[in-house]
Amino acid sequence: MKALGAHVVDLLRGPHLLRAAVLAFAVAVAFLVGYHWPNAYPRLVFFSSASSSLASRSSRSPAVALSPNSNISFEPSLIPTPTTPPASPAPNACPPPSLPPPTPAPPPPLLPPPPPARLGIVGEDGAMQDDFDIGSVGANDTDLASDETAPQEPSNGGASGGPPRVRIGRFLVCPESMREYIPCLDNEEEIKRLPSTERGERFERHCPAQDKGLSCLVPVPKGYKAPIPWPQSRDEVWFSNVPHTRLVDDKGGQNWITKVKDKFRFPGGGTQFIHGANRYLDQISQMVPNVAFGSHTRVVLDVGCGVASFGAYLLSRDVLTLSIAPKDVHENQIQFALERGVPAMVAAFATRRLLYPSQAFDMIHCSRCRINWTRDDGILLLEVNRLLRAGGYFAWAAQPVYKHEQAQQEAWKEMEDLTTRLCWELVKKEGYIAMWRKPLNNSCYMNRGPAVKPSLCDADDNPDVVWYVSLKACISRLPENGEAPPPVQWPARLMEPPKRLQGVEMDAYPSKNEIIKAETKFWEDIIDGYIHVFKWRKFKLRNVMDMRAGFGGFAAALISRKLDWWVMNVVPVNEPNALPVILDRGLLGVAHDWCNISSILLEMDRILRPGGKAYIRDRREVIQEIKEITSAMGWRGTIRDTAEGAYASRKVLMCDKPMVR
């Protein structure tokens, strides 16, 4: 072999013709050896994922090529499918034999989106539970859209698998005479049917039937301007936004309100505090230091509020005051309060319970509110007693307190007698003001004589049930297990689970104490996103409504993020009654009943300021329907994903009501 190799090398060093002849001979020998290889040795099976035909290139099916002298059987299905794109076939590759093409394997099923991170509440036993009911979280129940340029959802109802919806035509604007229209208070047809109105029945709710509800868009005042932002709005508002002058004529001399050019000005006075609300509040604090505005006293009800200067000035002392008044001849005092950015709503002491739970307010105030508290055996003051927290204060500034005429003195004696039978303590009487304090427990009631009226309400009477419940001429009972525990001082009470939380009928009983913090943290995360993505701190907002408030987590989160907005927390009457918890936390709230979806949206348009915003979170198909209605109302809306992602069943509709229709 060595000599042969050396000889071949010598030949290759020869002339070119000889060199070529040697190479050709070597190639021929190699071919013959390979062709006549003994049959005892296995043949080689070749496969390629490409074929020389155009059709096979497009199908990318594996092609098989065999050595021509092979008689080996094989199973094509065992041939692996390459995972990388095949190389182009050789120009002289052999075509595949006529074999049935293998059935291509079906593609792997699409994997569902990954589940969201597991959330829950850690119970008292240390175990996390995710099957609890956190309550009704917001109807402003909104969430974060992480992409500012997220595309809108298609509005074709048939795309979701259901039947296509009928396109909604644009809503018409109501006549100008309906500019101040309130459906449940201006139902003249129903009011005419009342057997009597002498006790103020006409000022109570008389809602129209479903087929007679609001069907048009309530017009805005002519010349409406963007509201003056808070806190400047406390002292002045645009005349064109609340074009009523009767209060200027009737109360201008009492320092309530004045008109200066194109604005209303509010000097801060009232009938009983013409020198200003601040001096009046200082007097109350000096009379009864334990009132302690902003710590012990946090939630106040102002009855017959006028233009709400009492509540407006308490805001600077960290006190939330709900100002109420009927819609009467003074052309909607509540509209002045709301335009100023002060919490207020239309309500009247008449024949039904007000829409707030028992023990709701730390103080109830009445300054010349024109209510005869002693009529009908004191049934109206018994409603005050129901609303007043155990140990809370009733402040009364009225002529019987300080005038010496016989009629006024007789009225004072009647008030003294009634409050004594209610076991109220007259803490102080000074100048124009008298201050009473409600007892902390039922012991005084139990020690009265059997003939003393009013009696205690029956044990099965629930003082927190308020929807269309008539007033009762009895004293609402305090909790039987000793003294009713007062809330901790503000601001700690915002996050402290109140005792009444345990009485809310809902799931997750072992985890109730964690719900307050969990719900607030839920909303804090969402609001942080809104602040970052949608620049909420630049919004000039003031009056906010949470239409499905749960335990008030949305309002609490706004406070923790130092957004200077106040929230009316609405608890629907067909859901767990968390309203006592909301008031115990130091927030404002009211019970309400929302009607069908169209009525809700038209009602939202009625109460939403021009230029206002509405955030709605619901199931995808519901959001699509809502968007069609809001578009018909002239709102500009965008559907966005929630923080749960694009595959979530819920979406967020973000709407803006235009300044001009």
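**Briefing: side-chain contacts and cross-links**

Trp396 is buried, with a relative accessible area of 7% (buried means under 20% relative accessible area, exposed over 50%, partly exposed in between, with a 1.4 Å probe and protein chains only). The model is predicted, so local features need pLDDT of at least 70 and side-chain atom pairs count only at pLDDT 80 or more, while totals for chains, interfaces and linings use all residues. Residues are numbered from 1 along each chain as its sequence is written, and side-chain values use heavy atoms, with hydrogens and water left out. The structure holds 23 aromatic pairs, 38 salt bridges and five disulfides.

**Aromatic pairs**

- Rings of Phe, Tyr and Trp (its six-membered ring) pair if their centres lie within 6.5 Å; planes under 30 degrees apart count as stacked, over 60 as edge-to-face and the rest as tilted.
- Phe266 and Phe336 are an edge-to-face pair, at 6.3 Å centre to centre and with 75 degrees between the planes.
- Phe266 belongs to the loop between β7 (263-265) and α6 (277-287) and Phe336 to helix α8 (residues 333-340), so their contact ties together parts that are 70 residues apart in sequence. Helices (H or I, at least four residues) and strands (E, at least two) are DSSP runs, numbered from the N terminus.
- Phe266 is buried at 3% relative accessibility, and Phe336 is buried at 1%.
- The ring centres of Trp396 and Trp412 are 6.4 Å apart and the planes make 10 degrees, so this pair is stacked.
- Trp396 sits in strand β12 (residues 388-397) and Trp412 in helix α11 (residues 406-421), so the pair ties together parts that are 16 residues apart in sequence. Trp412 counts as buried, at 5% relative accessibility.
- Trp396 and Trp412 are among the members of a cluster linked by ring pairs, which also includes Phe349, Trp373, Phe394, Trp424 and Trp436.

**Charges over rings**

- A charge sits over a ring if NZ of Lys or CZ of Arg is within 6 Å of the ring centre and within 35 degrees of the ring normal.
- Trp412 has the charged end of Lys429 over its ring, 4.0 Å from the centre.
- Arg542 lies over the face of Trp230, at 3.9 Å from the ring centre.

**Salt bridges**

- A salt bridge is a side-chain nitrogen of Lys or Arg within 4 Å of a carboxyl oxygen of Asp or Glu.
- Arg542 also forms a salt bridge, with Asp564, where the closest N and O atoms are 3.3 Å apart.
- Arg542 is in the loop between α13 and β15 (543-546) and Asp564 in the loop between α14 (553-560) and β16 (566-572), so the bridge ties together parts that are 22 residues apart in sequence. Arg542 is buried, with a relative accessible area of 7%.
- Glu236 and Arg265 meet in a salt bridge at 2.8 Å, N to O. Glu236 lies in strand β5 (residues 236-238) and Arg265 in strand β7, so the pair ties together parts that are 29 residues apart in sequence.
- Within this pair, Glu236 is buried at 11% relative accessible area, whereas Arg265 is partly exposed at 34%.
- The side chains of Asp605 and Lys657 form a salt bridge at 4.0 Å, N to O. It links distant parts of the chain, with Asp605 in helix α16 (residues 597-607) and Lys657 in the segment after β20 (650-656), 52 residues apart.
- Asp605 is buried at 0% relative accessible area, and Lys657 is buried at 3%.
- Salt bridges that share partners join Asp362, Arg389, Asp464, Arg493, Arg500 and Asp584 into one network.

**Disulfides**

- A disulfide is a pair of cysteine sulfur atoms within 2.5 Å.
- With bonded cysteines counted along the chain, the pattern is 1-4, 2-3, 5-6, 7-8, 9-10.
- The sulfur atoms of Cys174 and Cys216 are 1.9 Å apart in a disulfide, and 105 degrees about the S-S bond makes this link right-handed. The pair links distant parts of the chain, with Cys174 in the loop between β4 (128-129) and α4 (188-191) and Cys216 in the loop between α4 and β5, 42 residues apart.
- The disulfide of Cys423 and Cys444 has its sulfur atoms 2.1 Å apart and is left-handed, with -80 degrees about the S-S bond.
- Cys423 counts as buried at 10% relative accessibility, while Cys444 is partly exposed at 31%.
- Cys457 and Cys474 form a disulfide with sulfur atoms 2.0 Å apart, right-handed with 90 degrees about the S-S bond.
- Cys457 is buried at 2% relative accessibility, and Cys474 is buried at 13%.
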